[in-house]
Protein chains: 2
Amino acid sequence: MWISDRQKTWAATSAAVALLAGSVLAQQPPAAGRQGGTGRQGGPPPPGSFQRVAPLPFPDQPQVVETTGAPLRVTPLFKGLETPWSLAFLPNGDMLITEKPGKLRIVRGGKLDPQPVAGTPEVFAVGQGGLLEVAVHPQFAQNQFVYLTYSKGRDGKEGTTALARAKFDGKALVDFKDILVTDNWNTGGVHFGSKLAFGKDGMLYMTVGERNDRNRAQNTNIHGGKLLRLKDDGTVPPDNPFVGKAGFKPEIFTYGHRNLQGLAVHPETGAIWETEHGPQGGDELNLIEAGKNYGWPIVTLGREYSGEIISAQPANEGIEQPFVFWSPSPGLSGMVIYSGDKFAGWKNQYFLGALAGLGVWRVGLNEKGLAGRELMLNSLRQRIRDVRQGPDGFLYLVVDANPGGILRVEPAAAAAGSQ
Amino acid sequence: MWISDRQKTWAATSAAVALLAGSVLAQQPPAAGRQGGTGRQGGPPPPGSFQRVAPLPFPDQPQVVETTGAPLRVTPLFKGLETPWSLAFLPNGDMLITEKPGKLRIVRGGKLDPQPVAGTPEVFAVGQGGLLEVAVHPQFAQNQFVYLTYSKGRDGKEGTTALARAKFDGKALVDFKDILVTDNWNTGGVHFGSKLAFGKDGMLYMTVGERNDRNRAQNTNIHGGKLLRLKDDGTVPPDNPFVGKAGFKPEIFTYGHRNLQGLAVHPETGAIWETEHGPQGGDELNLIEAGKNYGWPIVTLGREYSGEIISAQPANEGIEQPFVFWSPSPGLSGMVIYSGDKFAGWKNQYFLGALAGLGVWRVGLNEKGLAGRELMLNSLRQRIRDVRQGPDGFLYLVVDANPGGILRVEPAAAAAGSQ
């Protein structure tokens with residue numbers, strides 16, 4: 001029997017009815033949604049309900065954190081950032097950091113400029129919306145191009161994910177231009193997607209969430225719930241898989257996604273890897289292949305926050321399964337595939353931020369599939385919004401908090417030598 | 001495309017080949033198996049490999065542990081027990097505790113008798129084998145029956161799971177008798193199953209693992225990989241689902257299981273619930289229904305420790321899906337469905353021990369399915385082998401360690417009042 005057949009009839013069985021008779025469970029509200037916070041507003045949570053583990057304040061001091069391998073030294077940087085969302089390194093090692101409420105910050109020579117970078121767009125600042133991703137063109141030294149994604153408003157009441165390009169002259173954004181305003185409007189404040197990555201093919205990949213309107217993910221006439229592939233000016237590459245095909249937006253590279261919060265290019269193979277949030281228990285690490293359908297919401301291992309199974313089948317013909325999945329959901333966010341040599345044995349491993357999971361998942365693949373995975377740094381209890389590799393080979397974690405900041409992660413041994 | 005189609009061809013793709021070229025991953029041994037310990041024998045683990053988080057020593061002092069709800073007070077009891085495996089309460093509140101190497105211990109009036117209970121069987125003491133489950137007959141006051149499961153040897157070189165019954169006269173086991181020696185022999189030391197629970201129907205349910213010979217789980221001519229239903233003398237109830245059916249052992253109640261390490265009867269509905277260990281990423285909480293096939297190894301969400309996908313499809317017609325699953329695997333062990341009133345809101349919730357996960361999973365179901373789940377007590381980093389509810393309404397955790405012991409869990413507020 002398929003999962004849905006049995007579990008969808010669960011409520012009608014004598015077992016469930018009797019279970020609930022006299023039980024406190026029936027009086028419980030559904031568990032808080034992923035973005036619903038701790039449910040602690042308006043009084044304490046009901047006894048026996050399920051709350052997220054609350055994050056700790058952004059740390060003040062460097063600390064050494066144990067792992068199952070070598071210990072790591074974690075150094076907090078730039079405390080006071082307001083809900084930072086993403087981070088990009090310029091070729092000279094300077095950092096651009098987005099703050100979700102709408103500011104772009106710059107770190108020059110290791111020092112955060114107290115003045116935000118001028119020239120950023122007005123954002124539709126609702127829920128998960130705001131100034132989101134920042135990415136730097138691979139030929140920045142020649143063209144100065146910086147890319148931003150953000151939630152763009154219309155008539156003050158609805159929003160969508162927009163992609164903009166500007167030149168960064170070292171002080172301000174100039175020649176700012178929206179190069180793709182996605183067809184993905186609604187009044188809600190969630191699931192904007194918004195991650196960017198330049199492929200080895202020179203193309204710009206962009207994730208677009210389904211705005212919590214799940215049927216958009218299978219509707220190929222709309223950008224929501226898709227991974228897009230664009231030229232660096234936002235136009236459509238002629239070799240995109242659905243170019244010229246009726247019923248498809250030509251920017252679409254893959255579809256059937258929910259809220260894609262991580263995107264990375266493998267440093268050796270050039271393969272595109274993506275993480276996305278499932279609902280209760282369906283977070284995924286996906287290997288992206290052109291034109292494929294990743295299943296949401298018709299095939300998912302997740303379930304409704306209210307309890308029930310979502311998709312009639314957890315797998316089906318014609319649907320890509322996750323390469324790796326997590327249950328319960330860690331809230332996978334930004335990721336990097338490590339290409340440096342500062343951490344022994346980590347080259348080509350995957351480092352995935354975890355929001356609800358309050359740490360970083362290290363994932364290793366081997367020639368057969370999944371070698372293993374480990375949740376690291378969770379003793380810090382920080383909501384990790386993104387993971388980046390610095391030009392120094394260390395990892396930089398974007399902590400989603402207000403006040404938040406950046407955490408630099410080094411091997412403890414190396415850090416001890418450098419202090 | 002099915003999960004297996006894409007992932008089984010992974011090694012042949014250019015992505016995988018290129019990923020492995022020049023990568024340390026190819027030189028890594030497979031991750032240690034679930035029962036393989038930390039892999040630290042014979043030197044440090046290879047850099048970048050995946051190790052389990054090591055448990056801490058069994059605690060010396062009571063402590064208050066935070067949860068997302070009310071804090072809990074945890075009190076260590078009987079430190080020095082040698083790899084305890086299970087615990088059962090007698091009607092007078094005394095406890096029987098098995099130690100895996102072969103001893104049965106008794107706690108009278110809260111004090112551990114330094115002398116083991118006489119009359120226990122010789123065990124096939126290999127790997128996970130030993131003296132395992134202890135259960136007390138629901139009419140113990142009338143019949144004094146105690147049940148043990150253990151790994152029984154044959155010719156000193158192979159073993160199987162055996163069920164024995166004896167009378168406990170307060171000091172020793174008498175009239176000891178093997179009432180079912182399962183047809184499940186091999187020379188290995190793993191996957192004995194061995195949990196027991198009396199149903200509301202008066203029948204004795206017993207789990208039998210597949211001895212890491214996975215095809216046994218679908219072979220209904222053998223007891224391995226099954227949940228059995230027996231009369232209290234070990235014989236076959238005439239209303240078992242496969243009685244009289246060719247090709248089926250008549251004791252079988254359900255099949256397609258791997259290593260069933262938790263078994264509990266719902267205190268209100270009488271439904272049978274079971275936990276089992278999947279391989280890398282396939283641990284399950286199952287609602288048991290007579291005669292059903294739970295899929296191992298033809299349908300599983302787990303994967304080989306070496307990396308590859310195991311089953312061609314993660315779901316299929318005629319196969320029961322897990323009610324709840326976990327990925328990665330917490331190593332689910334013994335469980336209880338709470339029927340007391342000492343913990344607000346916990347009535348009818350599920351408490352599942354986690355060996356690798358070093359804590360207790362609290363799981364809530366509602367009329368739609370899964371209300372939520374929370375890993376508790378993991379700051380203690382103890383391998384939890386079993387979870388029991390005491391006659392006092394508190395939880396008792398069996399800690400798999402040598403020296404190990406029992407942890408009593410109370411609401412911190414209640415404990416403060418009682419100290």
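Mentor: Rings of Phe, Tyr and Trp pair if their centres lie within 6.5 Å. This is a predicted model, and over all chains it holds 33 aromatic pairs.

Trainee: What makes W346(A) and F351(A) an aromatic pair, and why is it called tilted?

Mentor: Their centres are 4.8 Å apart, and the cut-off is within 6.5 Å. So they pair. The planes stand at 45 degrees. Under 30 degrees would be stacked and over 60 edge-to-face.

Trainee: Why is the pair of Y338(B) and F343(B) called edge-to-face?

Mentor: Their planes are at 75 degrees. Edge-to-face needs over 60. The ring centres lie 5.5 Å apart. Both Y338(B) and F343(B) are buried.

Trainee: How do you know whether W346(A) is buried or exposed?

Mentor: Buried means under 20% relative accessible area. W346(A) has 6%, so it counts as buried. F351(A) has 0%, so it is buried as well. W346(A) and F351(A) belong to one aromatic cluster that includes F394(A).

Trainee: What makes us say that the charged end of R165(A) sits over the ring of F145(A)?

Mentor: One test is distance: CZ of Arg must be within 6 Å of the ring centre. Here the distance is 3.7 Å. A limit of 35 degrees from the ring normal applies too. R373(A) sits over W326(A) in this way, 4.9 Å from the ring centre.

Trainee: Why are β19 and β22 of chain B called edge strands?

Mentor: The order in this open sheet is β19-β20-β21-β22. β19 and β22 of chain B each pair on one side only.

Key. Residues are numbered from 1 along each chain as its sequence is written. Chains are lettered from A and ligands numbered from 1 in the order in which they are written. This is a predicted model: local features need pLDDT of at least 70, side-chain atom pairs count only at pLDDT 80 or more; totals for chains, interfaces and linings use all residues. Side-chain values use heavy atoms; hydrogens and water are left out. Two strands pair if DSSP finds at least two bridges between them. Helices (H or I, at least four residues) and strands (E, at least two) are DSSP runs, numbered from the N terminus. Rings of Phe, Tyr and Trp (its six-membered ring) pair if their centres lie within 6.5 Å; planes under 30 degrees apart count as stacked, over 60 as edge-to-face and the rest as tilted. Buried means under 20% relative accessible area, exposed over 50%, partly exposed in between (1.4 Å probe, protein chains only).
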